[in-house]
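Here is a friendly note to read alongside the coordinates.

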Amino acid sequence: MADSEIDATEASPCQSCGACCSYSENWPRFTVEDDAQLELIPAQFVNTRQSGMRCDGDRCSALSGRVGEATRCEVYAARPEVCRTCLPGDAECAMARRRHGLPLIPSAQPV
């Protein structure tokens, strides 16, 4: 397999979803980030209040692709903490997927 290919069994379900990034203009907010972390996010993706990510309607401006098909975060490495804590199959994921009419993802069970 080429380096640019992703094995479907290892791909994150987030890469074919994006529902949490298209749920609410108030969701991608800044909470515990310090100034150094926030400076890593390009200004065009930060809202005018500098309280969170800029959104186009309910969709985070850093989300590219089509929700439910193929998506990616343009600032993944510097994404806000609220984005880092939303995990495939958790309550927030389920809420966002329901809103977009997507099937729920079973949450990972502790081993």
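**Notes on the model**

1. The sulfur of C17 lies 5.9 Å from the closest cysteine sulfur, in C93, which is too far for a bond. A disulfide here is a pair of cysteine sulfur atoms within 2.5 Å, and by this rule the count is zero disulfides. C73 is in no disulfide either, since its nearest cysteine sulfur, that of C21, is 6.2 Å away. As for exposure (buried is under 20% relative accessible area, exposed over 50%, partly exposed in between, with a 1.4 Å probe and protein chains only), C17 is buried at 7%. C73, with a relative accessible area of 25%, is partly exposed.

2. A word on the basis of these remarks: this is a predicted model, where local features need pLDDT of at least 70, side-chain atom pairs count only at pLDDT 80 or more, and totals for chains, interfaces and linings use all residues. Residues are numbered from 1 along each chain as its sequence is written, and side-chain values use heavy atoms, leaving out hydrogens and water.

3. How many salt bridges does a search of the whole structure find? There are four, a salt bridge being a side-chain nitrogen of Lys or Arg within 4 Å of a carboxyl oxygen of Asp or Glu. In one of them, the side chains of D58 and R99 meet at 2.7 Å, N to O. D58 sits in the loop between β1 (55-56) and β2 (59-60), while R99 belongs to helix α3 (residues 91-99), so this pair ties together parts that are 41 residues apart in sequence. Helices (H or I, at least four residues) and strands (E, at least two) are DSSP runs, numbered from the N terminus. D58 is partly exposed at 30%, and R99 is partly exposed at 46%.

4. Two further salt bridges deserve a look. R66 pairs with E69, with 3.0 Å between the closest N and O atoms, and R66 is exposed at 56%. R72 pairs with E74, where the closest N and O atoms are 2.9 Å apart. Here R72 is exposed at 53%, whereas E74 is partly exposed at 35%.

5. Finally, the hairpin. Strands β3 (residues 63-66) and β4 (residues 70-73) pair in the antiparallel sense over four bridges; two strands pair if DSSP finds at least two bridges between them. G65 has T71 in β4 as its bridge partner. Three residues lie between the strands of this hairpin, and G68 takes a positive phi near 85°.
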